[in-house]
Amino acid sequence: ANNSSRRVEKNDAHTGKGWFKRVQDASCDVGLEVRISKLICILHNEAKAELEREDCIYDDYVAYSKAYKASLDLKKHGEKVELPKHLWDAFATNALRAWNLEEFLSRPLFSE
């Protein structure tokens with residue numbers, strides 16, 4: 001057991017990125033966990049609602065589904081969740097701001 005902990009420290013020191021400490025800190029942040037869970041729930045509900053709409057736009061359903069899948073790995077990878085501009089405009093609501101979830105979303109790049 002002692003050798004394996006030394007190995008982790010050595011690898012961490014070797015990379016110089018402190019990845020183990022960041023993962024450990026994120027695991028202990030209950031508020032972060034709650035906010036990510038809320039985002040996962042919202043994206044799942046949006047994808048499901050789009051699919052159940054009579055005039056479902058399949059590309060929107062796929063975009064919400066990809067965002068939902070990305071949100072599942074948010075804590076692990078820390079990458080931003082992406083949505084197309086038209087979905088971003090509809091999705092970035094006061095509810096997201098109230099839960100402080102916008103930090104997890106990547107603003108779409110506009111060519112306008």
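Modeller: Buried means under 20% relative accessible area, exposed means over 50%, and partly exposed covers what lies in between. The model discussed here is a predicted one.

Biologist: With that scale in mind, does Tyr61 count as buried, partly exposed or exposed?

Modeller: The relative accessibility of Tyr61 is 23%. The limits that matter are 20% for buried and 50% for exposed. Because 23% falls between these limits, Tyr61 counts as partly exposed.

Biologist: Tyr58 and Tyr61 form an aromatic pair, so what is the angle between the planes of their rings?

Modeller: The two tyrosines both lie in helix 4, three residues apart, which is about one turn of the helix, and a search of the whole structure finds one aromatic pair. Tyr58, at 54% relative accessibility, counts as exposed. The ring centres of Tyr58 and Tyr61 are 6.0 Å apart, and the pair is classed as tilted, with an angle between the planes of 45°.

Biologist: Which residues are linked in a network of salt bridges?

Modeller: The count comes to two salt bridges. One joins Glu50, which is buried at 6% relative accessible area, to Arg53, with the closest N and O atoms 2.9 Å apart. The other is formed by the side chains of Arg53 and Asp55, at 3.0 Å from N to O. Arg53 takes part in both bridges, and the linked residues are Glu50, Arg53 and Asp55.

Biologist: Asp60 has no salt bridge, so how far away is the nearest side chain of opposite charge?

Modeller: Asp60 lies in helix 4 and is buried; setting aside residues up to four places away in sequence, Asp60 touches Glu50, His86 and Leu87. A salt bridge needs the nitrogen and the carboxyl oxygen within 4 Å. For Asp60 the nearest side chain of opposite charge is that of Arg53, at 5.5 Å.

Biologist: How far apart in space are the C-alpha atoms of Pro84 and Ala63?

Modeller: Pro84 sits in the loop between strand 1 (81-82) and helix 6, and is partly exposed, with a relative accessible area of 31%. Although Pro84 and Ala63 are 21 residues apart in sequence, their C-alpha to C-alpha distance is 7.3 Å.

Key:
Residues numbered from 1 in each chain as written. Predicted model: local features only at pLDDT ≥ 70, side-chain atom pairs only at ≥ 80, totals over all residues. Heavy atoms only, no water. Phe/Tyr/Trp six-rings, centres within 6.5 Å; stacked < 30°, edge-to-face > 60°. Helix = DSSP H or I, 4+ residues; strand = E, 2+ residues; numbered from the N terminus. Buried < 20%, exposed > 50% of the residue type's maximum accessible area, 1.4 Å probe, protein only. Lys, Arg positive; Asp, Glu negative; His and termini not counted. Contact = heavy atoms within 4.5 Å.
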